Amino acid sequence: MAASPHCLSSRLLTGWVGGCVWYLERRAMRESHHKFMHLFRNVNKQWITFQHFTFLKRMYATQLNRSLNQQVKPKPEPMVSPFLEKTSSGQAKAEIYEMKPFSPSSLSLSRKPNEKELIELESASVIEGSIDVGKETKEEKQWKEMKLHADDLPGILARLSKIKLTALVVSTTSAGFALAPGPFDWSCFLLTFLGTGLASCAANSINQFFEVPFDSNMNRTKNRPLVRGQISPLLAVSFATCCAVPGVALLTWGVNPLTGALGVFNIFLYTCCYTPLKRISIANTWVGAVVGAIPPVMGWTAATGSLDAGAFLLGGILYSWQFPHFNALSWGLREDYSRGGYCMMSVTHPALCRRVALRHCLALIGLCTAAPLLDVTTWAFPAVSLPINLYISYLGFRFYADADRKSSRKLFFCSLWHLPLLLLLMLTCKQPPGGESDKGEPQS
């Protein structure tokens, strides 16, 4: 069995010398662990000093070669409002902000930079770049006055007057004038055409003037001229006045007082009843349908000077057509109407919205059947109009059953061509001028 070094030394050396050797060996065995840990700590400190030396060497190398500087990219800028002018995104991305260069005198290799100083150096470079970015974004986001150019004024006024809606109003008025019995008077027709168009432009302009705070919240209407500030409210009201006064004057003194009274009533109904009612009750849809039904009645009264059964029939067709048209349109804009604060059937009563659209699609079949009974058209009209009326009724049923955007879009686009085609069929099947009188006379 092997003997330990301690036992071997005690056997070989005895007496005072042996005791001294034994004491020294025991002390060396106890302090060996502490000396090893102390040596490891010294080596670790020397390793940290070497790391600092490497960092200073790299900083000195980047000072000699500027292309090695650390580059900091700015944070992505927030979304710019559509009302503010935007700069090109490529130019913003191309800007690179460099770190603040260090002077060689400040990089003393004999001094060890601590952790706090390193953080301050990095934060100083980032702050400097963010200050530059903040200055540029603040300049970009400043409100700038939009200047009105004479070349842009016709287009702005056309959008203010809702030129497409005005064209629809004038076309239905012209259809009512053409379907009325009696000879076609071109001078009276042109006065009716112009007066109705001016009245429609006035009503639409006043409507946009009242709805500026609410149109700014809707994606569908946020680019209107008054919302974007392209024209002043005073100019909009002045334009509406300049359209309303001559328009009503043409209808009253150029055509007849009954047509002028209907024009004044329609402007009042649209601006003072329908517009504020949109934020109060879903009854605004029925009021708006009455507004859309009056133009063909105005065309009929302009030609005949009286309110006959045929005038109410044309008004009824336009009244019923508007429900599938508008209800299908509003179904896809429910979020927009809700954001704008409008009280629409599609938002508050979705089931009623679909039912009403289907009912009035079916009502169009009955109204077209009543046209020959009232001597407005011949009996061929109910037959030739039945296919398109059945088709829009089918789409109205699909909209009622499916209640999705796809079916509502199909119904809306069908309504766009359904009305012009229906009015064209009525004109082709119009009752001949002597048909009514011949029917009442006995045969000789």
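# Helix packing in a predicted model

Colleague: Lysine 162 lies in a loop, but between which two helices?
Modeller: Helices here are DSSP runs of H or I with at least four residues, strands are E runs of at least two, and both are numbered from the N terminus. On that numbering, the loop holding lysine 162 sits between α5 (153-160) and α6.

Colleague: What kind of model is this?
Modeller: Residues are numbered from 1 along each chain as its sequence is written, and side-chain values use heavy atoms, with hydrogens and water left out. Local features need pLDDT of at least 70, side-chain atom pairs count only at pLDDT 80 or more, totals for chains, interfaces and linings use all residues, and the model is predicted.

Colleague: Back to lysine 162: is it buried or exposed?
Modeller: Phi of lysine 162 is near 50 degrees, a positive value in a residue other than glycine. For accessibility, buried means under 20% relative accessible area, exposed over 50% and partly exposed in between (1.4 Å probe, protein chains only). Lysine 162 has a relative accessible area of 16%, so the class is buried.

Colleague: And how does aspartate 375 come out?
Modeller: Aspartate 375 is in the loop between α16 (350-373) and α17. Phi there is near 60 degrees, again a positive value in a residue other than glycine. With 21% relative accessibility, aspartate 375 counts as partly exposed.

Colleague: Zooming out, what share of the protein's residues count as buried?
Modeller: The secondary structure comes to 19 helices and two strands. Contact means heavy atoms within 4.5 Å, and among contacts between residues at least 6 apart in sequence, 74% join residues at least 24 apart. Of the 444 residues, the share that counts as buried is 37%.

Colleague: Which elements are among those covering the buried residues of α6?
Modeller: Helix α6 runs over residues 163-179 and reaches 24 Å from first C-alpha to last, close to the 24 Å expected at 1.5 Å a residue (the expected span being 1.5 Å times one less than the number of residues). Its buried residues include Thr166, Val169, Val170, Phe177 and Leu179. The cover over them includes α7 (186-210), α12 (284-304), α13 and α18.

Colleague: How many residues of α13 are buried?
Modeller: α13 reaches 34 Å from its first C-alpha to its last, close to the 33 Å expected. This helix is mostly covered, and of its 23 residues the buried count is 19.

Colleague: How are α13 and α18 oriented relative to each other?
Modeller: Axes are lines fitted to C-alpha atoms, for helices over the stretch in contact, and angles run from 0 to 180 degrees between N-to-C directions. Angles under 35 degrees count as roughly parallel, over 145 as roughly antiparallel, 65 to 115 as roughly perpendicular and the rest as oblique. The axes of α13 (309-331) and α18 (405-428) come within 7 Å and cross at roughly 160 degrees. That makes the pair roughly antiparallel.

Colleague: What is the handedness of the crossing of α17 and α18?
Modeller: α17 (380-402) packs on α18 at about 165 degrees, with axes 10 Å apart, and the two are therefore roughly antiparallel. A crossing is left-handed if the near helix is turned anticlockwise from the far one by less than a right angle, and right-handed if clockwise. The crossing of α17 and α18 is left-handed.

Colleague: How many charged residues does the contact of α17 with α18 have?
Modeller: Ala, Val, Leu, Ile, Met, Phe, Trp, Tyr, Cys and Pro count as nonpolar, Asp, Glu, Lys and Arg as charged, and the others, Gly among them, as polar. Contact residues include Ile388, Leu395 and Asp402 of α17 and Lys410, Leu411 and Leu425 of α18. Besides 14 nonpolar and seven polar residues, the charged count is three.

Colleague: Which residues does serine 407 contact, leaving aside neighbours within four places in sequence?
Modeller: Serine 407 lies in α18 and counts as buried at 6% relative accessibility. Its C-alpha is 8.3 Å from that of alanine 328, 79 residues apart along the chain. Beyond those neighbours, serine 407 touches Arg398, Phe399 and Asp402.

Colleague: How far apart are the C-alpha atoms of aspartate 215 and valine 227?
Modeller: Aspartate 215 belongs to helix α8 (212-215) and is buried at 2% relative accessibility. Its contacts outside four places in sequence include Lys222, Arg224, Val227 and Tyr342. Valine 227 is 12 residues away along the chain, and the C-alpha separation is 7.0 Å.
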